[in-house]
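This briefing goes through the fold, the salt bridges, a surface patch and a few packing contacts. Please keep the sequence and the model open beside the text.

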Amino acid sequence: METTQRDDVAEVLAAVRALPLEARVEAWHAVGVELFEVASRPTIDWGESSALAVDAVSVDEELAQLDAERRALAELTVTAAYVSRSADATMHAFAAAHARVVTRHDVLEVDQWESDPRQFVPGEFAADDLAARLGVRVGTAEAWAEAGDAVRASLPRMFVMAGAGEMRMTTCETVLRELEHLEPAERESVEGMLVSGRALLGGSAAVKRRVRRLLASLGLSAPADEDASEALVEVSFREHPDQPRLTQMTVVMDADQAWQVQVAIDARARQLAQEHERLHGGATRYRMNRARVDAFVDLLLGSVRFDPIVRLTVPVRCFEDGTTPGTTMPFAGQGSGVPVSLGAVDRSRGCSAQGGSGRGVARPAAEQAPWGALYREAEDGVAPLAAGQVGDGVGIGTAGQRRAATAPRSTTRVADLHVPGVGVVSAACVERLASAVGAAFTVALVDEKRGVTRWTSRFTYRPSITTRRFVEQRDEHCRFPGCMRPGEFCDADHVVPYADGGATSGENLQLLCRHHHRAKTFGGWAVAMRTDGVCVWNSPTGAWYRTDPADPTAYEITSREGYALIA
């Protein structure tokens, strides 16, 4: 049967060779399309003359037929792979031949147009037609032609193997790049060694490694190109193609640096994994890839201080003498004063922000909440608790009662901004951005007529690395009563909320684990902190506690003692 098939193939091949080249390629394409249609059907049609075109009667016969079909399909898949690689090499060869013909045509045409002022390089536009026909970039079509010619001239044995489907053209191109520094005789010798062994099996990366090892053993390694290596060094970011919430970070660095980074990341990742196992056991899964990412971020942000600064310039109208009666906004020559909302200046009384919303009124320093006030965060804002609101051992009451009733005041430190071509960006949005990215915002009020900066302020939400380290060394662990979660796994929480004027400083920051951070924000707990780091807590049920820096003990106290501590 095999002899008959070979004879049939020989006859078909002889008939095809008698056809013009264009007809042979068309027949090749037609056969490929027909074979694809057969292979894509649910049931393979083996053809009437095939030994596999037999209807099985018994189970044993069906098993035998399925086994034969399995072997046949495996052989067909391998043959199709050879055809695919051969077709790719053939395409490169045709592209190279096309480029040569177009170049020769251009040369002859230029010779006839000696008086023509047009200047171009013969063959310069050879790939344009192919690119347009195939819907690919011109550079891609040019690369096909260049690779076809280069591999044919420099690696003839490999080019023949690619044409026979025994290797990929991409593998040939990889080998050619690795051998391009060799002399022709050396390249021919190395090619023979590669062809005779198994170095050309596998993907391009594996082949590249084998070729480099062979060259090293022969003393023919390419000299180091420091300029080329330096050009590849980079750190880049791009959005993940499938997951918008993920970002792909690519880092290309020196090998010795990469080794040190890898060792540090792996060591820190193991520490994080052990800590997660200690705290959570097997309740939640902590993949090592996630641990390595967390370790990378932890190591990077823990050793580098960065302060992104966004400058907001707001044009304002002022009196000719530059005075602003009735406001606490400092001007040139005065101190920083009390932070005010850009939109808080009364437009009828001197200076107005053109992009401001006019919301709120700046309060004098005497009206600001005292640093020692207990702050309880609520859904509709944050308010200090007066001493008379909570009695000895008396609960604060319902959720509505627990929210302190205070006069309306602005908690916005930036006014709405009008961005040309964009629109109005709300003050709340700007502050959320500041909190999210940890940027320092520098706000400048500029006299729209003179261009003179009248007032500037700078505020930041996230603590600097120095401040964070100070808080970690002081607190050592979560400051919530009874919690011992290590400081390195805690958030730096603003005791007096940032939105309410709380400073991002050691005197206003405490360590809270994420769970107790949420308890403070959403669970009805109130807290105040002294300058020495002592914290006074008030629970939703009225209980009072004192926690000291680096002390795991939570001391239960009375409300009178609590207010005395923060007075």
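Helices (H or I, at least four residues) and strands (E, at least two) are DSSP runs, numbered from the N terminus. By that count, the protein chain has 17 helices and 16 strands. The model is predicted: local features need pLDDT of at least 70, side-chain atom pairs count only at pLDDT 80 or more, and totals for chains, interfaces and linings use all residues. Residues are numbered from 1 along each chain as its sequence is written, and side-chain values use heavy atoms, with hydrogens and water left out.

**Whole chain**

- Of the 567 residues of the protein chain, 32% are buried; buried means under 20% relative accessible area, exposed over 50%, and partly exposed in between (1.4 Å probe, protein chains only).
- The protein chain has an accessible surface of about 34,600 Å², and carbon and sulfur atoms contribute 55% of that surface.
- Accessible areas come from the Shrake-Rupley method with a 1.4 Å probe, and for residues only the protein chains shown count as cover.
- Among contacts in the protein chain with a separation of 6 or more, 55% are between residues 24 or more positions apart; contact means heavy atoms within 4.5 Å.

**Salt bridges**

- There are 17 salt bridges in the structure, each being a side-chain nitrogen of Lys or Arg within 4 Å of a carboxyl oxygen of Asp or Glu.
- Side chains of opposite charge can pair when their charged atoms come close.
- R70 pairs with D67, and their closest N and O atoms are 2.4 Å apart.
- Both R70 and D67 belong to helix α3 (residues 59–112), where they sit three residues apart, about one turn of the helix.
- R70 counts as exposed because its relative accessible area is 57%, while D67, at 26%, is partly exposed.
- A network of salt bridges links D67, R70 and R71.
- R268 forms a salt bridge with E488, with 2.7 Å between the closest N and O atoms.
- That pair links distant parts of the chain, 220 residues apart: R268 is in helix α11 (residues 255–280), and E488 is in the loop between α15 (465–475) and β11 (491–494).
- R268 is buried, at 11% relative accessibility, whereas E488 is partly exposed, at 43%.
- R530 forms a salt bridge with D532, the closest N and O atoms lying 2.5 Å apart.
- R530 is partly exposed at 23% relative accessibility, and D532 is partly exposed at 40%.

**Nonpolar surface patch**

- A nonpolar patch on the surface consists of V235, F237, M249, V251, M253 and V261, which together have about 500 Å² of accessible area.
- Patches are made of residues with over 30% relative accessible area and no salt bridge; like charges are joined within 9 Å, and nonpolar side chains (Val, Leu, Ile, Met, Phe, Trp, Tyr) within 5 Å.
- Strands β1 (234–239) and β2 (247–252) each supply at least two residues of the nonpolar patch.
- F237 is located in strand β1 and is exposed, with a relative accessible area of 55%.

**Helix packing**

- Two packed helices are described by the angle between their axes and the distance between the axes.
- Helix α6 (residues 156–163) packs with helix α8 (residues 184–196) at an angle of about 35°, and the axes are 9 Å apart.
- Axes are lines fitted to C-alpha atoms, for helices over the stretch in contact, and angles run from 0 to 180 degrees between N-to-C directions.
- On the α6 side the residues are P156, R157, M158 and M161, and they meet E191, G192, L194 and V195 in α8.
- The residues of this α6–α8 contact comprise five nonpolar, one polar and two charged; Ala, Val, Leu, Ile, Met, Phe, Trp, Tyr, Cys and Pro count as nonpolar, Asp, Glu, Lys and Arg as charged, and the others, Gly among them, as polar.

**Single residues and their contacts**

- E178 is in helix α7 (residues 169–179) and is buried, with a relative accessible area of 12%.
- Not counting residues up to four places away in sequence, E178 touches K208, V211, R212 and L215.
- A127, in helix α4 (residues 126–134), is buried at 7% relative accessibility.
- Beyond residues up to four places away in sequence, A127 touches V138, A141 and E142.
- Q65 is in helix α3 and, leaving aside neighbours within four places in sequence, Q65 contacts L52, V54, D55 and A56.
- The C-alpha atoms of Q65 and D55 are separated by 8.8 Å, with the two residues ten apart along the chain.
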